[in-house]
Every structure is written in C-alpha cells, then in structure tokens.
Amino acid sequence: MDFTMILIAVAIVAGIGLIIGLILAIASAIMAVPVDEKVEAVTSALPGANCGACGYSGCSGYAKALADGEAKLGACAPGGEECAKVIAEILGVEAGAVDRKVALVHCMGSCDNTDTKMEYQGIKSCAAAVSLHGGVGSCAYGCIGFGDCVAVCPYGAVSVCNGVARINADLCKGCSMCVNACPKHIISVVSYKAQTVVRCSNFDKGALARKVCKSACIGCKKCEKVCEAGAVTVVNFKAVVDAEKCSGCNLCVEACPQGCITQFRV
Amino acid sequence: MIKALVAVFLAAILTENYVLSKFLGICPFLGVSKKVNTALGMSAAVTFVMVLATAVTYPIYMYLLVPSQMEYLETIVFILVIAGLVQLVEIVLKKYIPALYNSLGIYLPLITTNCAVLGVTMLVIEKSGPEFGYIHALVNALGAGIGFLVAMVMFAGVRQRLEACDIPKSLRGLPITLVAASLVSLSFLGFSGLVDNMLA
C-alpha cells in the first residue's frame, strides 16, 4: 500500500465534498427565499401550545395567517389579551378588545342528582364507556365522569367532582381541548363575561328528562317567560341563554324548578 | 439500441423492481404508503433524485474513481453526492416550486437516506460494460424510479383496503402490512423472465 494512494483517496473525497459544499453555498445564496421576519416574531409571541383553538394548524399556521393579514387578532384563546397586544405591536395594528373564552360543562348530573344504568367495570375512560350503550349514566346526554377532559387539559383547570366534570374558569384558557375530547359533546366554550348559563344538555321531553336526573332541564319555559330581556329561549326542550342579551338579573335562575340554570363563576 | 433500452426500462420496473425484488427502500415503502396521494408525491421525488444521482455518480465513477483505482471509495462518494444533490433539489424547489416543496415536506430530506437511491447508483455500476453505457444507466434509473412508484401506489391501494378489513387483533398494524407486502412481492415474482422473452 503506497502512501500516495491514501492521499489520493483523501483528496478525492475532500475534493468532491468541497465542490458540493461550494455549489450548495452558492445555490443557497442565489436562491435564498426571504423569510418573513414578522412570521417568526409572531410565532415566538404566541404561547406555542399548538392547541388549534384559533382554527389554524398550530401556532405557526396562525402566525403565518396573521402576518399575511388573513387572520383576526385575538383568536388565540390561551394567549388572551396580553398576547394579542404583543402581536399587535409587531404587526403595527390596533389590538382591540379580546373576549376571553372559557370552557363550560353543560351538565349537573352529579352522583346525587342522577343514577347509573349499569355496573361498568371496563376501562376508566369516557371514550371507552360511551361505546358501550352510550355510557354509564342513566342520562343519555350527561357527563360520564371518567375525566377524559381532565386528562387532556394542559392547564389543570378541569376536575371531576362527585361524578361530573367541572372547569375552573380562572385557570381555563379556552383552548377547546376538552371540548374535542368529550365524547358526549357537553362541553362548550363560552365568554368569560357570561353571567347566566344552562348546565344541562338533555334534549328529552320533561317527563323523560326528570326521570333520569333531578336537575335536568325539562323544557318548562318558566325561564323564557320570566326573562325580561328575551335572552332565554327553550329549543328542543332545553333552555338556551343568549349571553349578549342577558342582563344578569337572575330571574331565570330563581324561576328554574330544576336548578339547572345558574350564575356563571359564583 | 432502442430495443435494449426498452428492455432495461421494463426490467427495472417489473422483474428487478427495487422494492419488491431487491428489497431496497423498504422504509418509505412501509412508512409513506398509507395514502395514494403521499405515495405518489414521494415516488415522484425519489424518481427525480434517482435519475439525477445516476447522472452525476456514473461519470464520477467512470472518469474519476476508475482511472485513479479508487473504486472502493464508491459507497462513501456516492452517499456524499446523493446527500448534496438532495439538498440542492430542496433549495431549488423551495425557490421555484414552493407548492411542491410544501406538499413533499419531510419526505424530501428523507430521500437522502433512502437506500433505493444508493442501490440504483451502485448496482448500475456492476452492470456497466461495453453494452451498458451512460444512457442505459439513466434509463435504468428512470425505470427504477417508476418501479418504486408502481410498488408504492399499488401497496397504498392494498393498505387502504386493509383499513376496512376485520383483521385478527394480533395481526393489526404492522404485522398485516408486512404480510401484505410479502404477498405483493410474491406477485411480482411472476414477472421473472417476462422481459427477456418478450423482447428476444
């Protein structure tokens, strides 16, 4: 083995590497794609939770849409008002008021109010339980209480108390992770400023609803009649409160015989 | 001449299919074949890189490594060239065809480590001789890429059917995929001898 052979081998590999490196360096210099600085700045200003509450594919998708002027400011629920202000500064636009959103469980079916229809011994997961005759509880619409929403919440705002999920509105960032995790679809995102909420999702007629849960909405329309602002309507045997019209007078809360309309955040 | 080229092209697609007969490029074959669309995009990129890589590595081998008796450097030099080429393709695509660049996503840099590409460039050197020159090598690379595409798209179709099947619990996921892959591979064995006899 001649020593020059080694040198030639090294020279060939090094030479090819050098040539390719040079070509790549030149190519990347010539064909550099200008990256929008705004996009990067906005991305770093966002919380990076990638929750999808804004409706875009992750924080980077929202940042790109913001920089292109396609997305509205304040769609980021976890970031809230502070985040919107920072981004507004970066983009040089007015921030505007951000309506803080929080998640709410529309169910009062605690162990005292409702019963179970079976002895369930399967996996302790709502998604698993719901595949077996629609869940454990006697109410077909109610909270199953195995806490799929608890598991998915990144902020520790959800807990299961006495068989029904509850969300701490002060910890909640409104990211909608629990909304998507709930197999019963009884969690929705409402405004933090909402004053009166209906904590029931039962669409059955009064007699049927009353049979399965002590605090089910029976569609009696007392709330509808008593409301002076016309904010409460009964749709499909279930009361619905229009948060924008609601004055927070509490007349419906007092009128409800089932106690399923309550004040929010008390 | 043209007859020989057609023979090389068909052989690369059917009898010497790089995925199903030589078992190269199994990683993307199993990983990216869940949907027909992504399988198509990936195969198109692989085909492009295969032809380009052969176009560059073949002269390097013949006019640089052979004269200096450095044939044993083949593997490392080829890997170097392929990695550089994929980077170059990435830069060019990003600049001129951003839509394709975005749709290929992670698959493009993954081609760097696709052994089918390295296999095509290296196995073609073994074949080279007085009757198998540069043009033949390029046609072979194109055929290999199309063969990869055929295998990927076929298998993606098989896997989409598998989704709807009631598979025994222990076979779900990767096991049934491997069983299906072996059956598809067996079916390709039926092509052996076909090309030689067809053009004889």
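Student: Which helix is Ile26(B) found in?
Tutor: Ile26(B) sits in helix 2 of chain B, which covers residues 26-31. Keep in mind that this is a predicted model.

Student: Okay, and is Ile26(B) buried, exposed or partly exposed?
Tutor: Ile26(B) counts as partly exposed, because 14 other C-beta atoms lie within 10 Å.

Student: How far apart are Ile26(B) and Ala116(B), in sequence and in space?
Tutor: The two are 90 residues apart along the sequence, and their C-alpha atoms are 8.3 Å apart in space.

Student: Let's switch to the contact between the chains. How many residues does each chain give?
Tutor: Chain A gives 13 residues and chain B gives 15 residues. On the side of chain A that touches chain B, eleven residues are nonpolar, two are polar and none is charged.

Student: Now chain A by itself. How many helices and strands does chain A have?
Tutor: Chain A has ten helices and eight strands. Of its 266 residues, 35% are buried. Looking at contacts in chain A with a separation of 6 or more, 56% are between residues 24 or more positions apart.

Student: Why is strand 1 of chain A largely enclosed by the rest of the structure?
Tutor: Five of the five residues in strand 1 of chain A (residues 101-105) are buried, so the strand is largely enclosed by the rest of the structure.

Student: Which way do the residues of strand 1 of chain A point?
Tutor: Lys101(A), Ala103(A) and Val105(A) point one way, while Val102(A) and Leu104(A) point the other way.

Student: What does strand 1 of chain A pair with?
Tutor: Strand 1 of chain A runs antiparallel to strand 4 of chain A (residues 187-191), with five bridges joining them. For Lys101(A), the bridge partner in strand 4 of chain A is Ser191(A).

Student: And how many residues lie between strand 2 and strand 3 of chain A?
Tutor: Two residues lie between them, and the strands form a hairpin. Strand 2 (residues 158-161) and strand 3 (residues 164-167) of chain A run antiparallel, joined by four bridges. Cys161(A) stands opposite Val164(A). In the turn, Asn162(A) has a positive phi of about 55 degrees.

Student: What about Lys221(A), what is its phi?
Tutor: Lys221(A) has a positive phi of about 70 degrees, although it is not a glycine. Lys221(A) lies in the loop between helix 8 (206-212) and helix 9 (222-226) of chain A.

Student: Last one: where is Asn236(A), and is Asn236(A) buried or exposed?
Tutor: Asn236(A) lies in the loop between strand 6 (232-235) and strand 7 (238-241) of chain A. With 10 C-beta neighbours inside 10 Å, Asn236(A) counts as exposed. Its phi is positive too, near 55 degrees.

Definitions and conventions. Residues numbered from 1 in each chain as written. Chains lettered and ligands numbered in written order. Predicted model: local features only at pLDDT ≥ 70, side-chain atom pairs only at ≥ 80, totals over all residues. Contact = placed C-beta atoms within 7 Å. Nonpolar A, V, L, I, M, F, W, Y, C, P; charged D, E, K, R; others polar. Buried ≥ 20, exposed ≤ 12 C-beta atoms within 10 Å, placed from the backbone. Pairing = 2+ DSSP bridges.
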